[in-house]
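Subject: Structure for you to look through

Dear colleague,

I am handing over the structure below, and after it I set out what was found. Please keep it open while you read, so that you can follow each point on the screen.

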Amino acid sequence: MLLVGCNTHQSALAPFGVEARETYWLTWSLSAGAVLIALLVAVLAWRATHSSEGALNHKQGMQLVLWLGGVFPTVVLTGLLLFALPQMRPMAAASNDLTIRVEGEQFWWHVQYEDGTRTPLLAANEVRIPVGRTVVFDLTATDVIHSFWIPGLAGKMDMIPGRTNRLVVKAEKAGTYRGVCTEFCGLSHALMAFDVIAMEPDAFDAWLEAARRPVKAASRTTSGAKLFSDYGCNACHAVRGTEHDARIGPDLSRYGTRASLGAGTLEPTAENTAAFIRDADAFKPGARMPSYPSMPADHARAIAAWLKELK
Amino acid sequence: MSDSETSRQRRKWHERLRVTLWTLIVPPTAWAAHFLFSYLWAAISCAKTDSFAKFPVLFLAGTLMALIVILVSGWIAWHQERTPGDPPPHQDSTEIDRLRFLAKATLLLAGLSFVGVVFTALPVIFIGDCR
């Protein structure tokens, strides 16, 4: 059971950000301190029960209570408070820092990159951040309360409909990680996760630039693209560079580069994608996406193949 | 005027005060009031100015006042606790044991309340953020 937490992609004990690293060291210092104090108490208890009669007196006992029961805990707790409080101070952010707006919905994440004055870049279920730069997450929700937590990066923050909470982070190590919803939000709460990709600043800038470009013209005319419209997928999903710009469901631009399907639920293979299209509820109970039981399997596969092409 | 009356008048004012159950609750009450004050002060000043005060004069004054009330209560209790008598526990139903028990309890509560007020004030000073 304990080994469940031993991973490097989704664990507060495998930090890749400033805040999580500070919390990590605080956790270990507190644990080490607690062990030392437990040992001290054990030694004192052993001494109290094993001393010969008359070796201990009332006055000594009262002194011990005063110093080890009163003064010592006060000094230790004050020290810990002074050590921990500066870490609780929210990280400062400048107005030109990259802002990523994330909206929680049952049961996926709407992601919007806002860098400067350009049109925000829309994405879903995947968050990319540059290493070494301060990033601001503006967090909100559209239906019920969700909570945004990337354990290796920073503490969790609630996403509340009608309110925007701000979380400022800074990643220190590139890699692929995972974030989760940590506020029970419905049937598929446990299936509401997202991929977090921390990239070197140059690679991030290049990615952001590339992601803004519309999908290749060649991929707009395949049978999958046509079926996508015929079945009304475009009523909810957007694909940048096409006429599909709905914002009800997750943005599917560059679906082919995603590390997971259904907000961290499945491997994003073509087969899984096709199966998900026909019966989303089987994989994510309570999901808002309708099922298409009458859709022929080859149609679902064609749409899936087209989505996988979107890179 | 008898000798005892003269000596009573000569006693200092804090020695003339008697610790009671009412004076016993002064330190924790000051702590509770300061706790409430801290929350109200932070909520109101953040709502009014939308930013955390750079130098929170009112908050520091309130904290200082709470600490002074607690220190004075503790100081009076400490004096009264020094009334000669048996070592603790002060559990006999005599006037002197009652006084020494209440004084000791007040002193300990004053110590706890002092630390409590400091621990309430430190986050306000160190975090200094309205979020």
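In which loop of chain A is A:Phe107 found? A:Phe107 lies in the loop that runs between β1 (98-105) and β2 of chain A. Please bear in mind throughout that this is a predicted model. The peptide bond that leads from A:Gln106 into A:Phe107 is cis, and its omega is near 0°. A:Asn125 sits in the loop between β3 and β4 (126-130) of chain A.

Domains of chain A

Chain A is divided into two parts, with domain 1 made up of 1-48 + 90-211 and domain 2 of 217-309. The centres of domain 1 and domain 2 of chain A, taken over C-alpha atoms, are separated by 28 Å. Where the two touch, domain 1 of chain A contributes 20 residues and domain 2 of chain A contributes 16 residues. On the domain 1 side of this contact, β2 (108-114), β3 (121-124), β9 (175-181) and β10 (193-199) of chain A each supply at least two residues. Sorted by class, that side of domain 1 of chain A has twelve nonpolar, five polar and three charged residues.

What the UniProt record says

For chain A, UniProt lists residues 95-210 as "domain: Cytochrome oxidase subunit II copper A binding", in an unreviewed entry. In the model, residues 95-210 of chain A are 9% helix and 51% strand, and the end C-alpha atoms of the span are 24 Å apart. The unreviewed UniProt entry also gives "transmembrane region" for residues 25-44 and 64-85 of chain A. Residues 25-44 of chain A are 100% helix and 0% strand, with 29 Å between the end C-alpha atoms, and residues 64-85 of chain A are likewise 100% helix and 0% strand, with the end C-alpha atoms 30 Å apart.

For chain B, the UniProt annotation "transmembrane region", again from an unreviewed entry, covers residues 21-44, 56-78 and 107-128. In the model, residues 21-44 of chain B are 96% helix and 0% strand, and their end C-alpha atoms lie 34 Å apart. Residues 56-78 of chain B are also 96% helix and 0% strand, and here the end C-alpha atoms are 32 Å apart.

Where the chains meet

The contact between the chains takes nine residues from chain B and nine residues from chain A. On the chain B side, the residues divide into seven nonpolar, no polar and two charged.

Helix α2 (residues 58-88) of chain A and helix α6 (residues 95-127) of chain B have axes that come within 9 Å and cross at roughly 20°. An angle under 35 degrees counts as roughly parallel, and therefore α2(A) is described as roughly parallel to α6(B). The contact is made by A:Thr74, A:Leu81, A:Leu85, A:Pro86 and A:Met88 of α2(A), together with B:Val115, B:Phe119, B:Leu122, B:Pro123, B:Phe126 and B:Ile127 of α6(B). By class, the contact of α2(A) with α6(B) has ten nonpolar, one polar and no charged residues. The crossing in which α2(A) passes α6(B) is right-handed.

Helix α7 and its neighbours in chain A

Helix α5 (residues 270-278) and helix α7 (residues 297-309), both of chain A, have axes that come within 8 Å and cross at roughly 125°, and the two helices are therefore oblique to each other. The α5(A) side of the contact includes A:Ala270 and A:Thr273, and the α7(A) side includes A:Ala297 and A:Ala300. The residues of this contact between α5(A) and α7(A) divide into nine nonpolar, one polar and three charged. α5(A) passes α7(A) in a right-handed crossing.

Helix α4 (residues 223-230) of chain A also meets α7(A), with axes that come within 7 Å and cross at roughly 110°, so that α4(A) and α7(A) are roughly perpendicular to each other. The crossing of α4(A) and α7(A) is left-handed. Here A:Ser223, A:Gly224, A:Ala225, A:Leu227 and A:Phe228 of α4(A) meet A:His299, A:Ala302, A:Ile303, A:Ala305 and A:Trp306 of α7(A). By class, this contact of α4(A) with α7(A) has seven nonpolar, three polar and no charged residues.

Notes
Residues are numbered from 1 along each chain as its sequence is written. Chains are lettered from A and ligands numbered from 1 in the order in which they are written. This is a predicted model: local features need pLDDT of at least 70, side-chain atom pairs count only at pLDDT 80 or more; totals for chains, interfaces and linings use all residues. Axes are lines fitted to C-alpha atoms, for helices over the stretch in contact, and angles run from 0 to 180 degrees between N-to-C directions. Helices (H or I, at least four residues) and strands (E, at least two) are DSSP runs, numbered from the N terminus. Angles under 35 degrees count as roughly parallel, over 145 as roughly antiparallel, 65 to 115 as roughly perpendicular and the rest as oblique. A crossing is left-handed if the near helix is turned anticlockwise from the far one by less than a right angle, and right-handed if clockwise. Two residues are in contact if their C-beta atoms, placed from the backbone, lie within 7 Å. Ala, Val, Leu, Ile, Met, Phe, Trp, Tyr, Cys and Pro count as nonpolar, Asp, Glu, Lys and Arg as charged, and the others, Gly among them, as polar. Domain bounds come from an automatic or database domain assignment. UniProt positions are given in the numbering used here, feature names are shortened, and annotations may be inferred rather than shown by experiment.
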